[in-house]
Amino acid sequence: MKERSYLKHSLVCLVLLLTASLSYGQLSIRGKISSADTSEPLTGANILEVGTSNGAVSDLDGNYSITVAPGAVLAFSYIGFNRQEITVSDQAEINVLLQPIVLDEVVVVGYGTQRKEDLTGAVSVVNTKEMSKQASNDVTQMMQGRVAGVSITSDGQPGATPSVRVRGVSTFGLGAGAEPLYVVDGFPLAGGIRDINPNDIESIQVLKDATSGAIYGNRAANGVVIITTKSGKRLEKFSVSLSAYAGIQTVPQRITLLDRTGYQQINTELLANAGQNPVPGNDPSSPDYIRNIDTDWQDAGYKDGSIQNYNLNFSGGSAKTSYFISLDYLDNVGTLVGSGPDYKRYSLRVNSDTELGRLRIGENVYFMRSDENPLFYTGPFTLFLPGGRPTLVNDLLQAAPTIPVYDESREGGFGGADAVVHQSITLNVPGFNSLVQNSTQVNRLLANVFGELDLAKGLKYKLNLQYDNTDITDQLFAPQYDLGYFFPRPVAELQVGDRSSNSFLIENTLTYKNTFGKHDLTLLAGQSFQEFNFRQVAAVGSGLEKPYILTLSSASNFSVVDIQQPAALASYLGRVNYSFDDRYLLTFNIRNDGSSRFRAEDRFAFFPSVGVAWKVHNDLDLPQAVSELKLRGGYGQLGNQEIGNFRYQSTINRSIPYEFGTGRVLGGATTILVDPAITWETRITRNVAVDASLWSGKLEFTAEYYSNTSEDVLIDLPIPLSNGSLAGLTTNAGSIKNSGIELSANWRPRIGSMLLSISPNFYTVKNEVLDIGPLEFISGAGARTEVGGAVGRHFGWVYDGIFQNQAEIDGAAFQNANTRPGDIRFVDSNNDGEITEADRQYLGQGMPTYYFGLNLVANFKNFDLTIFGQGSGGNLINSNLYRGLMPTSGYTNWHEDILQRWTPSNTNTDVPRVVWNDPNNNQRDSDRPGWLQKGDYFRIQTISLGYTLPATLLSGLKMESARIYFTMQNVYTFMAYKGYNPDFQAGILNPGFDFGTFPRPRTSMLGVQIKF
Amino acid sequence: MIKIHKILLLVLFLAGVNACNDRLEITDPNRLSSEQYYANQDQAVAAIDAIYNALIIDGMYQRITPVYNDSRGDEMSSRSPWPFLTGLGTFTIPATDGALEIFWAGHYIMISRANQALEHVPDVPDVDAGLRERLLGQAYFLRALAYFNLTSNLDNVPLILEVPKGSESFYPSNANVRQEMIYEQVQSDLENAISRLPANYTSLSGPDNGQVGRATKGAALSLLGKLYLYQGNYAKAAEYFAQVVNSGEYSLATNYADLFTQDPSVERSNPGKIFWAEFTTSTNSDFNWGGDPSVNWRQFLALTPTYSVGDFFDFYPTRFLYEEMRKERTIDGKLDPRYHATILSYEPTEGYTTAYGVPWANRGFAEDAFFIKKYTNAADGSDAFTSGFNYHIIRYADVLLMYAESLANTGNIAQAASLVQQVRDRATLPDRETEFAGYNLQQFMTQLEHERIMELAIEGSRWHDVKRWGYLQNAGKLDELKAHDFEFNTFTSNREYIPIPQTELDRNPNLVGNGANQ
């Protein structure tokens, strides 16, 4: 990646004349060299009498002395600082403040870079230095709360891949992707981002609109995250950097659950309320009564996890070449008892860049291998567990306390419920997670080579070739076990599969750059073609015999799947960047994109975009405090084709089995209806913004308004089931708008010798559905999407208190023949005297409406302190976890809140009675207290305290720099929510539905960063 | 120099452009294009076979259809933790319930595949003429079966008889559909089936030879008889049942218990089977609940774990059924063998002392407890998730009893009595033909009701019987049902049908609800 730097500020020199002495002949000069920025003395700075070999070096306190001839010119230099020359007159002491080199912030915009101040589009630059103070396997998790306009939700599992949304959700999510495109070193990744080692990352930019994203337009509609990895620099001396951290992870939050007696009491009461006998296990008069088991499943299911990471890199460069090598190891052990989740990653990166006259060539090769034990339901395999289980975490919490963790009498050695004694469908999670072994091994090679040739002055040709090969081996083993009622597994099963994908990219670009007087012009024309291949071959073998040998050859019965997913994209693009007198800027993009996912006549489409900017500070006289003021705006279109392959092709399923008593036959039929005329979805982006920099950059500020509309949204339209189609109809239908403001600032005040950096950001997302094709609405879990509102608003009945007596029931709309005092009264919103589906209403926002983040850094002497927090709000959470712990009827465990249930003697409550079979359906989607909880939260994500070892200590150790630090992550979350994560990952159509995510661990770790 | 560079690049560029654009034409490597299908006899056969596959999915006979039928009767009650199962029998299932959608979708999947076959099979080249007729006959029969089930449970459903062509046809209406119209269509489809289907598949020339699980003329005749019976047209019903009985194709198996076995050879040798959904003990990896079918599908009967006390134990027999089935003893003074095939209980005097292949006490069941046995793995404790019982949709004993009912209602009680006794004989019950022959119609129907329970308990008949007999509109009879099964306490008169799924109403603006949606 070519990188250019321009000097932004001219040299500033401060010379203090304190004493003057006149002398004939040689002059003896003393002084102190310090940083103009921090006033810290600069140790080891060079002082040279220009034109001679006479020189000196400053000592530990920055002091120097040198003897020179009068009138000599002294040059002061220090790495990272601007060189300063001073002509000696007759002074005896010259104190010098060297100005640190402020590189113009250069932004990678795709096929080139641009000065940040010349941008016309919406580009956020992520502060990777701050980001790296957080430990995570995944770069996107580290971005959470740091970029205005980018929301990141995740799960606490090691190796998890978060959901990333740039400026809201612009798809209905039915079959269409909403994740941004990741471009690593110019390579649009085909697979996930989580394989990329965050330690290798030099810079991250998020392209949020069409003007900036157009260059990756065919996949840029959901935003683009451009990642540039570290590389060596020309003329940089060889250096070795080592960074390491290790820490423990704990589940900081415990949900308050009932113990054995509480559980038995509530279950018995609910049965009694329906005139039924207690189950034997909960009945003190039964011989099967359980009195000596009281399992705390959270104690049994959670353990302390750990995380450690070691990174070693080497870099350097000569005048014509530079290189970088990085080795990395990450090991993250999760907090759930059993065989996972955990994640280990080994990675290696090598890159170099060489100049050969007019030719520049380079390569960047990344290899990684990960060994992971994911939670069983997150891999490609499924394991049949009856009843549509929630996530393991919910199962853990719901487990009845009357079931033991271990039970030697059951196959597998773990406890389980009995259909008669407990009647409880309880999954022994530590048992299940110990018995079932799930592993995923990823080998990934990401390699690119480029060649750049100067054809003429200002004209360059660049060829980019890239190859991404990912091989994933998955294995899931479920031995024979008996985890009780609902969960026996009489037949051992081994699933083995290989997912192999590769992607090849070729790009040809021509860039012409020239300046004509005040006109600055850059033209780009290019072509790109990317091909994707994916093949999954997986086999399931069952009937393995003990002692198990985990190979398919040991199985007695087999099933095989083989799926191929080839795809290709071709694009032709052009870009004009024009600047007049460094005052007016214009960017124009045009692209023509083709996708294999559409039929020939609908395959290609044009997408233009334009951005303009006015650098006011170069045009008008502004107050001195204003060092930079820019107004910019943009409008553009991008295409989106993020659906499955071949959706326009009608096919025959020829594997429809049946037996007529003479062996299996295979039928053939069309099982999925298609719309042959699907085409590109169009994302229209509009935004205006102000960028300002005050007091020479001490305060930087950006305010932006955006309003994006997606049209012809690609959706798997849920057509009536009477059509007999086994999937939704992939078609273009609907339109969604996202608008909002984004504010971000960076303020660097100095208080005494403490240097502060305060970086807040805030943004809003107003999501509105403009059209959903032929549908009136789309349903999600407890949510509905309808024109005029946001995607996935909560939808259900309205709570209207608890019936206290029969008279109240008789006086209210009819709910159910068995509605009794203690049940919930719902609002009869259509006044038809009956509570029906028609009484449901919108109950609130499912997705947050605002997000914010705040990063504070304080540097004081050798200490640095970072506090980072982020949050969001404006939404309500429909918590599957909490609702699952508050059932009106059931045999699973309860949240302590159930103790406030309505009983004839406890009538002043908002928790309804418990009763078997819940005839009034108190459990239904509604806004009853607890069902929709406030989603507002603020999390202190990181507190990090570092200490940089003083140079006096280091010189003996031959270290250039060394820093040790302590970091605590996920320190505390201010929230009203009673689940684990207010920022859970959710389905697009029910963004406020927390199905039950894995708790985010609290990490406490110690780290060290050493450079030699 | 520069020019040459530029020209060279331009040439390369343009060459690349063309090459790249061509590579965007990618056909699905996983499946055959629809345009290439229906080209030969094998594919014509496969088009029909695909319809049968719908019999084994959740929405049809794998689970939901039998469960919906059985649970609404007074033969069993639910103790399930799942509201979608408990709410059925209590007639409180809300229209938003997801299982309604499964039932709905299952039947329309079958209809969709039948419509595809009926549209394409007539034009497939090079198909043996006799075979083509047999294939079309099966498609007509299966479509009739689906619509008969749909209207029996949902009243006025959209009548879709063609493959949807484009988005206008995706939103069918039922606003003007009446049950009679669906009955007429079922009748027409069955008549089309009867004229095309063979009596059996045992001596044909063609790829279907020996494939006894295919629909036969007898199956179509039986269903058409049942259609008339359900409409109260006893004369017509008797006419078709007579054709089945007189065909000589069917007789009662000697052992009632052999009707409910996972042993394919015993199943195959049952002379009383007429039409069934074939389930096997396959251990393939993917369950046949639904979704896009694959070769990895099992073909297991999910009713087994649902009813089995050893598995999900979602249902249990009512005390009414338990007592009804113990009323009459065999000529040897023993419990009716049909009791032992239907209900699992501890009967040491009759030699029934085990459950799931182990001694009764080992399971921890009380000695006076009783559970469902029919279609469960209670006999041997085999894996419920490889349950291979063929599920009877129409069997000969049912035809005999329906024939008897039709005859009795057309005045021929004497012949009806002999048919009833024929069914009783297999159970070694005393010969009471003469006694029954002397009954008046009301007395005979009372006896027939008992006989139907004995023979067909937990086979999905009872609910539809009480419904067509008008018990639900008869306060006295309804009280009896309430006494049999507490779940009838919450029956309301609009619940003779299950609601049309709310989700389907939401998807289809042209669809209107039925009485149960009110």
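In this predicted model, 93 residues of chain B meet 96 residues of chain A in the contact between the two chains. Interface size is often expressed as the accessible area lost when the parts come together. Here, chain B and chain A bury about 7,900 Å² between them, and carbon and sulfur atoms account for 59% of that. On the chain B side, a trio stands out: Leu24(B), Ile26(B) and Phe170(B) supply 9% of the area that chain B buries against chain A, more than any other three residues.

Turning to the polar side of things, 31 residue pairs are in polar contact across the interface of chain B and chain A, counting pairs with both residues at pLDDT 80 or more. Three salt bridges also turn up across this interface. One of them joins Arg23(B) to Glu531(A), with the closest N and O atoms 2.4 Å apart. As for where the chain B surface comes from, at least two residues each are supplied by helices α1 (2-22), α2 (41-53), α6 (98-120) and α21 (502-507) and by strands β1 (32-33) and β3 (273-277) of chain B. Sorted by class, the side of chain B that touches chain A holds 44 nonpolar, 30 polar and 19 charged residues.

Strand β1(B) has a further part to its story. This strand pairs with β34 (residues 651-659) of chain A, running antiparallel over two bridges. Within that pairing, Leu32(B) of β1(B) is the bridge partner of Ile652(A). So much for the contact between the chains.

Definitions and conventions:
Residues numbered from 1 in each chain as written. Chains lettered and ligands numbered in written order. Predicted model: local features only at pLDDT ≥ 70, side-chain atom pairs only at ≥ 80, totals over all residues. Heavy atoms only, no water. Contact = heavy atoms within 4.5 Å. Buried area = accessible area lost by both parts, 1.4 Å probe. Salt bridge = Lys/Arg side-chain N within 4 Å of Asp/Glu carboxyl O. Polar contact = N/O pair within 3.5 Å; in protein donor to acceptor, adjacent residues only side chain to side chain. Helix = DSSP H or I, 4+ residues; strand = E, 2+ residues; numbered from the N terminus. Nonpolar A, V, L, I, M, F, W, Y, C, P; charged D, E, K, R; others polar. Pairing = 2+ DSSP bridges.
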